[in-house]
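Let's take a walk through this structure together. Have a look at the model first, and then we'll go through it piece by piece.

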Amino acid sequence: MATLTIRMAPLLVLWLAVCLGGTWAVDRGNFKTCDQSAFCKRQRALKPGESPYRALLETMELTNTRLTLQLINDNNKVRLLLELYRLQGNITRVKINELKPLKPRYEVPDVLIREPPTEPLSLLSQDENGVVLSLGPESQRVIVSARPFRLDIMEGRDVLMSLNSRGLLAFEHLRIRKDTQADPEAEKKEEDDPANQAEEAKEEEEKAEDGMWEETFKSHTDGKPNGPSAVSLDFSLPGVEHVYGIPEHADTLRLKTTNNGDPYRLYNLDVFQYELYNPMALYGSVPVMIAHNAQRTTGIFWLNAAETWVDISSNTAGKTVFGKMLDYVQGSSETPQTDVRWISESGIIDVFIMLGPTPKDVFSQYASLTGTQAFPPLSALAYHQCRWNYNDQEDVQSVDAGFDKHDIPYDFIWLDIEHTDGKRYFTWDPHKFATPKDMLQGLLDKKRKMVAIVDPHIKVDTNYKIHTEIQSRDFYIKNKDGGNYEGWCWPGSAGYPDFTRADMRAWWASMFAYDQYEGTMENLYTWNDMNEPSVFNGPEVTMHKDAMHGAWEHRDVHNIYGFYVQMATAEGLIQRSGGVERPFVLTRAFFAGSQRYGAVWTGDNAAEWEHLKISIPMCLSLGLVGISFCGADVGGFFKSPSTELLVRWYQMGAYQPFFRAHAHLDTPRREPWLFGPENTALIREVVRERYTLLPYWYQQFYNTHHTGEPVMRPLWVEYPQDPATFALDDEFLIGRDLLVHPVTEEGARGVTAYLPGKDEVWFDIHTFQKHNGAQNLYIPVTMSSIPVFQRGGSIIPRKLRVRRSSTCMEHDPYTLYVALNPRRTAEGELYIDDGHTFNFEKKEFIHRRLSFANNILSSVNLTPAAQFSTSSWVERVLILGASKPSKVTLKTADGQESQLEFDFDASMSVLTLRKPGMNAGADWTVTLQ
């Protein structure tokens, strides 16, 4: 974001007046509906059950790694090539492309971390109606039916998923436009191909259809030199009523059916103060859907970077609980089923079907394809203070001092676009930020850090080094006529680097070197905003689809542009340290695989209670598809929060993975101490609570980096057979062991939290009160309350000596919170490394298993090959749900025994062991007698 003090062209001023003036609300007219998107309207008009495609079984070829088979469209005789792969880890891949496309169709590179390893497919049976192939163990098989073409994946007698069962496969083949002067050679080639000779009559009919060769939206015309190129496929999920994922949308966690409105849209857009509870596209797109019922979890990953719409229908949608009961009483045998249809504007069909069967299997399967969440520096999990904009170095210094004066810890202070010299990224305002190294050194002296924004739109200015370098290397995206594409953004006229090019990304990364990006130091990190890309005077506030990235149109690559910007930026931060330091990069736009490069946030939200609430399902949806490092602007970006809303937002943000306060230029200042001493105390308390739990947060990120399991997760991930959890999105788990139910209603006197697990107990982390699982618990609340519970059966390490930043706490001691389950056991982990380098990849860390059983608490090494030492020790142990012992004995690794002091609170059954003093990295046992 940025102020408007520079002299701007009238067009930009007009755009800003419309956006920033008067009302703070999205102008829906700026963004297409399905009816206004020609390919979506065209595909949605197809009727189920009329598939023209059949499989030509005589063309089948089966090798050890794949099956290939031609499909023919009986209406126009165009042939497609189906490829089917069985991948390692219970994944099936299905690719469909034209057999002989007029020119290559785009296939998304760089998202998969490797070519997925295959496993053998074997033929079980074949006749004139189809073929049956084995998918290996568990009696899993895939049935390919010939007429019409259909694919069913089965396990035993159960159909897990069907493709084209509704007959909505569509593949618009590339063709020559008949009513214009075309390339005569290409036209001759097409006429000579027998597969194309039968098309003439069909195409005569199609000519009348609008939007196939040109499309206009508002004042923008999209010339479509390749003509219609959309692809579509339907999937049926028997037994499924709950589907999730396909972020980013400001909607409930459980996806809704779309029969009576638009499909969910995936098209990265700069949406000014988005509306809630609708399927409009937002800043990022992850084309992954998760389906869940009490028996099984599965996933669909649709690898396509073009504009995509997703339709969802269900045979139980709209039925009331009474209606479902009536079905049951009357013996209605209709199995619930959800049908999903994916529609993309261009590219090919390339879909990965992840067969679970458990939620964690699906996370692992998706991680094997696109990688896991980058392991962030520990400090990035602490508190971030941001605003558009801190005015100058004195302002930064003043805010920094304010945190110390009010005893509130923070790790990062952020600079938005005003810190630059006239919106020229990689520069500093020569007056307001004249000595950036002095500013950064002042922060470094307090073990604090800074983030500065670097956006991907580059001011067109012959005196600006970044622009002249990009221009001389010919790295800009081109317009359809071959010139450099220019659009309007914060600097005025701007060029857009082509981040799809590896050489461009390498050059961009080199610009973060300390001798290139002047004034920077090792404690400066980066924020990529506006990377959808945002083009103020473009169609839908983004780039024209007929802009060119080398041989490809922007329409083919749109949704991965932001992914590439973050990739190049993260690589730049790694390179500047010689590959030693972990980067931190926040991005607004994202795609599948973006988790490998840093964090995302939910964009330009508003200071409203409903926006506070929606941040839960928005981050939960991202976590389900691999992106765990998610947060929302605390306090809301637009508008000014009431004091109550601001406090509640801090209480929520402190329990979300990315914890940053941010505010719009036109809002009053809202540093945490500006709302009176009582509210300052409330905010201080919850920020400090975040810092005490940093060891647990860090361990969760270490876990997600290795497994792909979300850090912030819906309850059904841990309680997959409990239908009461399937649609919950007003509470969540952090890892397995902390359950959070934030207060999101104005003036709330209480909340009702669902505590899962019929044989489990949960302990209030503030009062240590014990509650049984499998119940809805009413919790009275005051302004200081944030209901958080620790699962009985868990051990959570905390650091209770909160200092001004997380780095200042590095060597501080731990307190272990041991919450016993009804079987009087508990277990947890403790992970320690240097907090900021990649040395953990060289096994330089401590990873210990903490367990309590048979009245013995022990710490054992989970990774004996790892080497790391810590000066931190265990200064206290609290055992919740304990009985009073007669004595407590500590035995250390050298065999020495000593008795420990303890206190026992009989009213709460809490045993406190004082000053046991063992090193956090050592073996030890504590025995209660």
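How many bridges join S34 to strand S35? There are 2 bridges between S34 and strand S35 (residues 732-734), and the two run antiparallel. Before going on, a word about what you're looking at: this is a predicted model, where local features need pLDDT of at least 70, side-chain atom pairs count only at pLDDT 80 or more, and totals for chains, interfaces and linings use all residues. Residues are numbered from 1 along each chain as its sequence is written, and side-chain values use heavy atoms, with hydrogens and water left out.

Helices (H or I, at least four residues) and strands (E, at least two) are DSSP runs, numbered from the N terminus. Two strands pair if DSSP finds at least two bridges between them. Zoom out and you'll find 6 strands in an open sheet, ordered S34-S35-S36-S41-S38-S39, with antiparallel pairing. Its edge strands, S34 (712-713) and S39 (770-772), each pair on one side only. Helix H17 (residues 694-707) lies across S34, S35 and strand S36 (738-740), at about 90° to S35 (axes are lines fitted to C-alpha atoms, for helices over the stretch in contact, and angles run from 0 to 180 degrees between N-to-C directions; contact means heavy atoms within 4.5 Å).

Next up is helix H16 (residues 677-692). Its 16 residues should span 22 Å at 1.5 Å a residue, and its end C-alpha atoms are 22 Å apart, which agrees; the expected span is 1.5 Å times one less than the number of residues. Among the buried residues of H16 are Ile683, Val686 and Tyr691 (buried means under 20% relative accessible area, exposed over 50%, partly exposed in between, with a 1.4 Å probe and protein chains only). The buried residues of H16 pack against several elements, including helix H15 (643-653), H17 and strand S42 (794-798).

Now for strand S6 (residues 130-134). All 5 of its 5 residues are buried, so S6 is largely enclosed by the rest of the structure. Both faces are covered: Gly130, Val132 and Ser134 sit on one side, Val131 and Leu133 on the other. S6 pairs with strand S5 (residues 122-127) in the antiparallel sense over 5 bridges, and a hairpin joins S5 to S6 through 2 residues. Leu123 has Leu133 as its bridge partner in S6. S6 also pairs with strand S7 (residues 140-145), again antiparallel over 5 bridges, and there Ser134 stands opposite Arg141.
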